[in-house]
Amino acid sequence: MSAPTYDLGKLHGGLRLPAEKRLATNQSIQLLPLPEQLFLPLSQHVGDAAQPIVNIGERVLKGQLIAETDSSLSAPIHASSSGKVIAIEPWPVARRYGNRAPCIVIECDGDDKPIDAMESVAGYESLTPDDLLLQIMRGGIVGLGGAVFPTAQKLMAAISGPLDYLILNGVECEPYISCDDMLMRERAEEVIRGAQILMHALQLSKCYVVTESDKPEAIRSLGEAMGKIADDRLILKQVPTIYPSGGEDQLVQLVTNLEVPSGGLPTDVGCVVQNVGTAAAIHRWINLGEPLISRITTITGDGISNPLNVSARLGTRVADAVEFAGGYTDRANQLVVGGPMTGKSVTTDDIPLVKATNCILVLSETPDIGPEMPCIRCGECSAVCPIQLLPQQLFWYACADDEKQLRKHGLTDCIECGCCDLVCPSHIPLTADFRQAKARMLEMADEKARAERARRRFESRNERLAADKQQREEELANQKRQAKSIGSAEIQAMLDRSKEKKEDD
Ligand code: SF4
Ligand code: SF4
């Protein structure tokens, strides 16, 4: 195996943050015990919720399909263990800040009995890319880096245009999170096997496997796995540890020196980016027959007694995972699902660990950053913005709710990385404001779309009524013409008869 290469593009802005990863990486990945109950949300992905195909009281097996999709953007859900379906009802979930969403609740029987059909796709190389993508879709695979976009749909969209590179993203740049690092250290071969499947699906002959230079163990394991598999289409690359170099567009820039255009996608410059965890999940489904029913999650922070990484069944409650990690410390104060920069603070641990849960972070205290003050136009925020936006301008337009200017100044390109917040001397919660502004824009776009649909319905109704009216008028005119011609014929017949009568007289 050749040494990892460094020939990199340049990333604008970004920050070197304290990693805080050692807390959870000084022991190997532990298997989280099966819980008594599993809570599986029907929506664990971007797109439409899956539809349940099991009934309350039904017995299910590990890996059994329990909710399927009837939409072009969705992902199926499989039972994470065997047991009985005891409810299909709303339950608190993290994606909605602890609000409830429909879940299938399974009471585990402890046997963990797999479904018979759990078998690998023999010889995926013989499948066409389309058939392989269909298989990937059936496994419920979604992006495990946090975006949870259905993987097959992302790949299907990608192959509709020209492609040059697959980039496997092992750049876990957000502090505290170490699930990808531990995956690469301990299951590097799964990652590389998954990359090979992805290359076949995309018909690509070059894949960069990328991680950060502060992960020597992961680099060594990946190197060994690549040496064993001996596939010269794979190239190992290191990037410097700068947050947020793991963002898709930032990684493309770093690895290929190509800039993803504003509002565009990596595919616009010939790249497809997949998280290393997603690649391993694809390997487990295609080569081993195990759909996405578990993931590696970091449980960490100074509010956790024994921080570590666990391999957890999806649907396990966060409370059960925390208990396995030794429980909360006396200082535990704030529970975050995800990392400290992009995660979500939640107020309950009675929520399930889902496909998106890369980290459960418990901190001892909420940092006191001081009161918010007016912007002093120092420009620090724009200096660190990786997208080269002007956060101070965006903040101004967000306060004014000026959608036109927000769009013009690129708010939709903001990746909500939080760098601008961290450096702002006025303690302005810029990212939270941008998040809200984006949500409002989405709502407005939704409302506009609804209004547009209503307008079209109204217009087509009017057109239909006008067409009906015109048809009725034409029919009436026809009847009159017919009546008139019938009337003339009858009068003519009467005249003819009267004339004949006179002649006879
Ligand atoms: S960092 Fe804060 S104070 Fe400075 S320009 Fe940006 S928003 Fe204004
Ligand atoms: S949160 Fe948005 S505006 Fe702020 S630095 Fe990150 S990308 Fe730029």
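Axes of packed helices are lines fitted to C-alpha atoms over the stretch in contact, and the angle between two axes is taken between their N-to-C directions. Two packed helices are described by that angle and by the distance between the axes. The model discussed here is predicted.

## A pair of helices

Start with helix α4, residues 179-186, and helix α8, residues 276-286. Angles under 35 degrees count as roughly parallel, and 65 to 115 as roughly perpendicular. α4 and α8 are therefore oblique to each other. Their crossing is left-handed.

Which residues of α4 and α8 meet? On the α4 side they are Asp180, Leu183 and Met184. On the α8 side they are Val276, Gly277 and Ala280. By class, this contact of α4 with α8 has four nonpolar residues, one polar and one charged.

## Two open sheets

Now the strands. Strands of a sheet pair through backbone hydrogen bonds, either parallel or antiparallel.

One open sheet has four strands in the order β2-β8-β7-β4, and the pairing is antiparallel. β2 and β4 (59-60) stand at the edges. Each has a single partner strand, so one side of each is left without a neighbour in the sheet. Within this sheet, glutamine 37 stands opposite glutamate 107 in β8. Alanine 87 stands opposite valine 105, also in β8.

Another open sheet has three strands, ordered β3-β5-β6, with antiparallel pairing. Its edges are β3 (51-52) and β6 (77-78). Each of these edge strands has a single partner, so one side of each is left without a neighbour in the sheet. Proline 52 has alanine 67 in β5 as its bridge partner.

| Strand pair | Residue ranges | Direction | Bridges |
|---|---|---|---|
| β2 and β8 | 37-41 and 100-108 | antiparallel | five |
| β7 and β8 | 83-92 and 100-108 | antiparallel | nine |
| β3 and β5 | 51-52 and 65-68 | antiparallel | two |

## Two backbone details

Most residues other than glycine have a negative phi, and most peptide bonds are trans. Two spots in the loops deserve a look.

Where is valine 148 found? Valine 148 sits in the loop between α2 (129-138) and α3 (151-158). Its phi is near 45°, a positive value in a residue other than glycine.

The peptide bond from tyrosine 243 to proline 244 is cis. Its omega is near 5°. Proline 244 belongs to the loop between β11 (234-239) and α7 (248-256).

## Around the two ligands

Take ligand 1. The residues around it include four cysteines: Cys375, Cys378, Cys381 and Cys424. Also there are Ile376, Arg377, Gly379, Gln392, Pro425, Ser426 and Ile428. By class, this shell around ligand 1 divides into seven nonpolar, three polar and one charged.

How many residues surround ligand 2? There are 13, and the closest are Cys385, Cys414, Cys417, Gly418 and Cys420. Which helices each supply at least two residues of this shell? They are α13 (419-423) and α14 (430-504). The shell around ligand 2 has ten nonpolar, two polar and one charged residues.

Technical notes
Residues numbered from 1 in each chain as written. Chains lettered and ligands numbered in written order. Predicted model: local features only at pLDDT ≥ 70, side-chain atom pairs only at ≥ 80, totals over all residues. Heavy atoms only, no water. Near = heavy atom within 4 Å. Nonpolar A, V, L, I, M, F, W, Y, C, P; charged D, E, K, R; others polar. Axes fitted to C-alpha atoms, helices over the stretch in contact; angles between N-to-C directions. Parallel < 35°, antiparallel > 145°, perpendicular 65-115°, else oblique. Left-handed = near helix turned anticlockwise from the far one by under 90°. Contact = heavy atoms within 4.5 Å. Pairing = 2+ DSSP bridges.
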